Amino acid sequence: MSPIRVLSKKIDRLTKLVENEVPNVLVILDAGHGGVDPNTGINQTPSREFEHADGKVLYEGMLNRNLLRLAIIECVANNLPYLVVSDIYQDNSISDRVRKANAAYKMGGYDECNCIYLSIHHDATTTHTGTGIKLITYFGQTKSDELATITEPFFIKNGFKVNRDFGDGDMDFEYNLGVLRETKMPAKMLEFHHYDNPSELEIILNQERQKSAMKALIQGAVSYFGLQYLNSTL
Ligand SMILES: [Zn+2]
């Protein structure tokens, strides 16, 4: 057999392998706010930072990006194609993130069963006393609610305190937010504990809890897609 024929057979085999192993799904990831400029050290979203009594300043955009990085590792371990629509550190607008997500959705020919939008945040309140996590969707019963409902047990199983709002019959909260309202695919926001409450920092800054949370988030995605959870490298 000629070398070219051998090569083309190899490529055929590799293509088949890729087709078999990579499911036709897309996980769209969003870190919510801007992070810190690596050159100047300036937080890009000053409205989302909190100085604790001991002088420690936490930037939500940075905390969100740390979880985003773990979510990406979890997607890779499970062969899930993903797209990040937030910037590396800048605070790109909600409409920019939505535009990128909806363009990928359209161009990839996805539907609401094989493409989801996950917005990763940390919570804060005016009293700085909030505890636990929240899953949030837009109003009304949609596939977004299904995604949240499927995901919640993974957080519970991993020992997280999940706040619930049964106002519309299911556990997730309903907020009127652009990334939840304007995205074409099922969209869910995670508020991962309260970065302005000192009693929550033990969880927020604990790497094992962070990993555990992102495993739960991606296990929820895998389950929603009807796929098998493969493994975790976290
Ligand atoms: Zn936020």
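**A tour from the sheet to the core**

Start with the open sheet: its six strands run in the order β4-β1-β5-β8-β6-β7, and the pairing is mixed. At the edges stand β4 (82-84) and β7 (173-174). Each has a single partner strand, so one side of each is left without a neighbour in the sheet. Keep in mind that this is a predicted model.

Next, select residues 26-30 and 115-123. These are β1 and β5, which pair in the parallel sense over five bridges. Zoom in on valine 27: its bridge partner in β5 is isoleucine 116.

Stay on isoleucine 116 and show its surroundings. Leaving aside neighbours within four places in sequence, its contacts are Val27, Ile28, Leu147, Met185, Pro186, Ala221 and Tyr224.

Select 143-157 for α4, which lies across β5, β6 (134-137) and β8 (187-194). Helix α4 runs at about 165° to β6. Then select 207-225 for α7, which lies across β1, β5 and β8 at about 160° to β5.

Colour the largest nonpolar core, a set of 52 residues. Val27, Ile28, Ala71 and Ile116 have the most contacts inside it. Helix α7 supplies the largest share of this core, nine residues. In soluble globular proteins, nonpolar side chains tend to be buried together.

Last stop: bring up α2 (residues 60-77) beside α7. Their axes come within 9 Å and cross at roughly 55°; the two helices are therefore oblique to each other. The crossing is right-handed. Show side chains where they meet: on α2, Asn66, Leu67, Leu70, Ala71, Glu74 and Cys75; on α7, Gln210, Lys211, Ala213, Met214, Lys215, Leu217 and Ile218.

Note on methods: Residues numbered from 1 in each chain as written. Predicted model: local features only at pLDDT ≥ 70, side-chain atom pairs only at ≥ 80, totals over all residues. Pairing = 2+ DSSP bridges. Helix = DSSP H or I, 4+ residues; strand = E, 2+ residues; numbered from the N terminus. Contact = placed C-beta atoms within 7 Å. Axes fitted to C-alpha atoms, helices over the stretch in contact; angles between N-to-C directions. Core = buried A, V, L, I, M, F, W, Y, C linked by C-beta atoms within 7 Å. Buried ≥ 20, exposed ≤ 12 C-beta atoms within 10 Å, placed from the backbone. Parallel < 35°, antiparallel > 145°, perpendicular 65-115°, else oblique. Left-handed = near helix turned anticlockwise from the far one by under 90°.
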